[in-house]
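The following note is intended for a colleague who meets this structure for the first time. Its points are numbered and may be read in order.

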Amino acid sequence: MSQIRGRSNFDDLDKAKLGWFHLRATIVAGVGFFADAYDIFIIGLALPMIYKVYYPNANYSKDNPWIDALLKASTSYGNLIGQLGFGYLGDKLGRKRMYGVELIIMIVSTIGCTFAATMQRGFDILTVLGIWRFFLGIGIGGDYPASAIITSEFANTTHRGMLISAVFAMQGVGILIGGIVTLATVAAFKDALIEDYHMLDYVWRIMIGLGIVPAVLAVYFRLTIPETPRYTAEVIGDEAQAQADMKRVLELNETKQVTTNWEGQTHTTTTLTEAPQPTIAAPKITFWQHFGKWEHGKVLFATAYCWFALDIAWYGLSLNNGTVLTLINYGGANAKNQFDANYQKAIGNLIIACLGTVPGYWVTVALVEKMGRKPIQLIGFGVITVILIVLAATWESIKTNTAGFLVLFTIAQFFFNFGPNTTTFVYPAEVFPTQFRSTAHGISAAAGKFGAIIGVQLVGPYFQGDSTVKIVLGVFAAVMASGFAVTWMLPETKGKTLEELSGEDRMMQEHQEVSALEK
């Protein structure tokens, strides 16, 4: 009987000290997530400019709330497809083969968004922009399972949650830089905007176009990252190559040198057209056979539902923040010209990002290995639920109390990110078997984007009207409470290996026992 892989094979990887390879892998993944967040959230600042240039005589977002919502949700539709597709392909073809492809899609789509225009005989600019942002969303969606799984499978056990959280925390940096870029671009065009508001057509294109920079910087390093040893051993079945790759990773972990090629030394001469010769007897089990068991299926349900619930409120608030900016007196309502209006909005977005959003991400990075994932997610869902209930119950009075509203909204933003917005990304990268890990992460993330579509497109338009805001907040509170309840179905992952969490050790042992009886 062939040798069954034991847990000890990954001991060196699991127990490795935090080193340079970990740092580089996290940075390469994080730069991509920086680009993801920049591209997703910059549209909230760009759309008012586009409406003003191309529809100057209308209050477009209020007159056409469903079209406005569809434009904002177009990226989420693409996200959903990208997460499912890249998640599946990450398990089918390997992590390495898919990594970097998502950035190429993002680069091409960002260029398309930047030069979107109205056709003389055909689509108007909003339709063209929406189509390009849909394809942009596919690339962004593909980055979720790819970056999370690669970071998780290369990480050591002690710092795995911190490293995955650090990748996701770059989303906060992307949101912050988006506001800074908008502020700087508007300031650079100050005189031109005061004289002619049509100059906004340059401003929004520069804002969106600069999203290409981080993607271009990271694409080469992603394309040259090696396959993870876990995938090589457990899915391909080439234990010897996995050990050679792991040795190379540990060597790179000890040196500060930035190599131009991350590839490990090839152990075999197998070509792409030849099937690799397995050195282990992996258990034959399908996706449905594994998740058809309640003990596994409930974990996938919990990761997917919690992400779904989170994104309904997170995206519903983040991409419809015009009401929030107005309440904190940074909505540009009393601006004398388009420079003042857009400068105020950029400042308002920076205030929101700096007070709650960005700190929340990085507090999670600092504490996730001390507190654990489950307590952080429970605290986040719980605090957000209470804040949204208070806002809904006191809306008529709180909307005129700028300081009070800002305090409550800042607390909510902090606990979104020191809470489920980060942990729903971390959990699916840890709790599933290697052969299904990417697919299951993609399903969980896609469930989140389905929630985002609901929050932005179906609920978002009601956030425009003053009389319906408190109803929307109440709905968001109920959804957050359901996320709190479902979180109890999840295990704590702190300090455990991926094999312990996914049950792969037990699966291998059971398979070995069955194989021995058959012999």
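1. Leaving aside its neighbours within four places in sequence, which residues is Gln338 in contact with? They are Lys52, Tyr197 and Leu200, where contact means heavy atoms within 4.5 Å. Gln338 has its place in helix H18. Gln338 counts as buried because its relative accessibility is 18%; buried means under 20% relative accessible area, exposed over 50% and partly exposed in between, with a 1.4 Å probe and protein chains only.

2. On the basis of the note: the model is predicted, so that local features need pLDDT of at least 70 and side-chain atom pairs count only at pLDDT 80 or more, while totals for chains, interfaces and linings use all residues. Residues are numbered from 1 along each chain as its sequence is written, and side-chain values use heavy atoms, with hydrogens and water left out.

3. On the chain as a whole: it has 26 helices and 0 strands, these being DSSP runs numbered from the N terminus (helices H or I, at least four residues; strands E, at least two). Of its 519 residues, 58% count as buried. Among contacts between residues at least 6 apart in sequence, 85% join residues at least 24 apart.

4. On H18 and H21: helix H18 (residues 338-371) packs with helix H21 (residues 402-417) at an angle of about 25°, their axes being 7 Å apart. Axes are lines fitted to C-alpha atoms, for helices over the stretch in contact, and angles run from 0 to 180 degrees between N-to-C directions. H18 is therefore roughly parallel to H21; angles under 35 degrees count as roughly parallel, over 145 as roughly antiparallel, 65 to 115 as roughly perpendicular and the rest as oblique. The residues of this contact of H18 with H21 comprise 8 nonpolar, 7 polar and no charged. Ala, Val, Leu, Ile, Met, Phe, Trp, Tyr, Cys and Pro count as nonpolar, Asp, Glu, Lys and Arg as charged, and the others, Gly among them, as polar.

5. On H19 and H21: for helix H19 (residues 373-393) and H21, the packing angle is about 155° and the axes are 8 Å apart. H19 and H21 are therefore roughly antiparallel to each other. Their contact involves residues of H19 including Ile379, Gly380 and Val383, and residues of H21 including Phe405, Leu408 and Ile411. The residues of the contact of H19 with H21 divide into 12 nonpolar, 1 polar and no charged.
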